[in-house]
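Please read the following note with the sequence and the structure at hand. It is arranged as numbered points.

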Amino acid sequence: MAELAGLRAVVTGGGSGIGLATARLLADRGAAVAVLDIEPGGVDKPLRGYPADVSDDASVRAAVAEAGADLGGIDILVNNAGIGAAGTVEDNQDQEWHRVLDVNVLGIVRTTRAALPLLRASPHASVVNTCSVAATAGLPRRALYSASKGAVLSLTQAMAADHIREGIRVNCVNPGTADTPWVGRLLAAAEDPEAERAALHARQPMGRLVTAEEVAAAIAYLAGPSAASVTGTALAVDGGMAGLRLRAPTT
Ligand SMILES: NC(=O)c1ccc[n+]([C@@H]2O[C@H](COP(=O)([O-])OP(=O)(O)OC[C@H]3O[C@@H](n4cnc5c(N)ncnc54)[C@H](O)[C@@H]3O)[C@@H](O)[C@H]2O)c1
């Protein structure tokens, strides 16, 4: 039998990139999957799309209630919706800090808060947050984004502690630079997209970007029953970026 057969999953930001790859993989493994996204238009069957903006509490509550009713409950919540921000601490005004933290951190709070009553009713409840290598490594010109993902890492651990006795596991994945439409937009905005792509590849010890499917596989593992004893952890899927210190190549 498929590993996730009978389980019901909600994936935020599931309309693109890592979220879409995750939603498809969870469905391939037998789960019924609802995608919550500001742009759920790219989602096709067997996935079900629900318009939701994680920065708007009423929108999140309505979408979680509708998805939960359609699926008949929620066992798996993947808090993946996120946005980027470039620059040092000097470069973004308060309004931009509020906007990014509102989506990347409070988005997780809102969606989890809305889903908790249904997760409590599940015998296999699991939450997986999409964090980032930016939470554990200092990256240049990513002050705001890194602060948001550092908060996601701490929030993951705190939520894991709060809900362990309710049978709800909470973990996160820390992707390195992943080849998604997000990075496509970053490259398109660069002065020299080819040079920028080469620099991003070179920053990865493996010499290539992570794929959305590789991150999805880690999320599906943490979400599923194989990870029944795993909670409060961060699983890096980063081509070695956070943990390795390589010597410069010798020719
Ligand atoms: N791509 C990378 O290099 C990378 C690396 C580390 C972590 N991440 C994280 O992975 C997650 C997904 O990134 P991706 O690369 O797949 O990006 P993406 O832009 O391809 O997909 C993000 C999705 O989130 C949705 N979204 C954005 N704001 C939303 C909101 N307010 N409410 C609901 N949905 C919203 C978008 O519509 C989109 O479908 C993010 O949390 C990001 O921080 C990405």
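Predicted model: local features only at pLDDT ≥ 70, side-chain atom pairs only at ≥ 80, totals over all residues.

1. Position and burial of Gln-204. Gln-204 is located in the loop that joins helix H7 (193–203) to helix H8 (212–223). Its relative accessibility is 1%, and because buried means under 20% relative accessible area, Gln-204 counts as buried.

2. Surroundings of Gln-204. A polar atom of the Gln-204 side chain lies 3.0 Å from the backbone oxygen of Asp-238. Setting aside residues up to four places away in sequence, Gln-204 touches Gly-176, Thr-177, Leu-209, Val-210, Asp-238, Gly-239 and Met-241.

3. Helix H8. With 12 residues, helix H8 spans 16 Å from its first C-alpha to its last, close to the 16 Å expected at 1.5 Å a residue. Its buried residues are Ala-212, Val-215, Ala-216, Ala-218, Ile-219, Ala-220, Leu-222 and Ala-223.

4. Helix H4. Helix H4 (residues 106–120) contains 15 residues and reaches 21 Å between its first and last C-alpha, close to the 21 Å expected at 1.5 Å a residue. At Ala-114 helix H4 bends by about 40°, and a proline, Pro-117, follows within four residues. Ala-114 is also one of the buried residues of H4, which include Gly-107, Ile-108, Arg-110 and Leu-119. Among the elements that cover the buried residues of H4 are strand E1 (8–12), helix H2 (57–71), helix H3 (94–104) and helix H5 (143–163).

5. The aromatic pair. How many aromatic pairs does the count come to? The count comes to one aromatic pair. This pair is formed by Tyr-145 and Trp-182 and is edge-to-face, with 5.7 Å from centre to centre and 65° between the planes. Tyr-145 belongs to helix H5 and Trp-182 to helix H6 (residues 181–189), so the pair ties together parts that are 37 residues apart in sequence.

6. Exposure of the two partners. Trp-182 is partly exposed, because its relative accessible area is 29%.

How values were computed
Residues numbered from 1 in each chain as written. Heavy atoms only, no water. Helix = DSSP H or I, 4+ residues; strand = E, 2+ residues; numbered from the N terminus. Buried < 20%, exposed > 50% of the residue type's maximum accessible area, 1.4 Å probe, protein only. Polar contact = N/O pair within 3.5 Å; in protein donor to acceptor, adjacent residues only side chain to side chain. Contact = heavy atoms within 4.5 Å. Expected span 1.5 Å × (residues − 1). Bend = angle between axes of the 7 residues up to and from the residue. Phe/Tyr/Trp six-rings, centres within 6.5 Å; stacked < 30°, edge-to-face > 60°.
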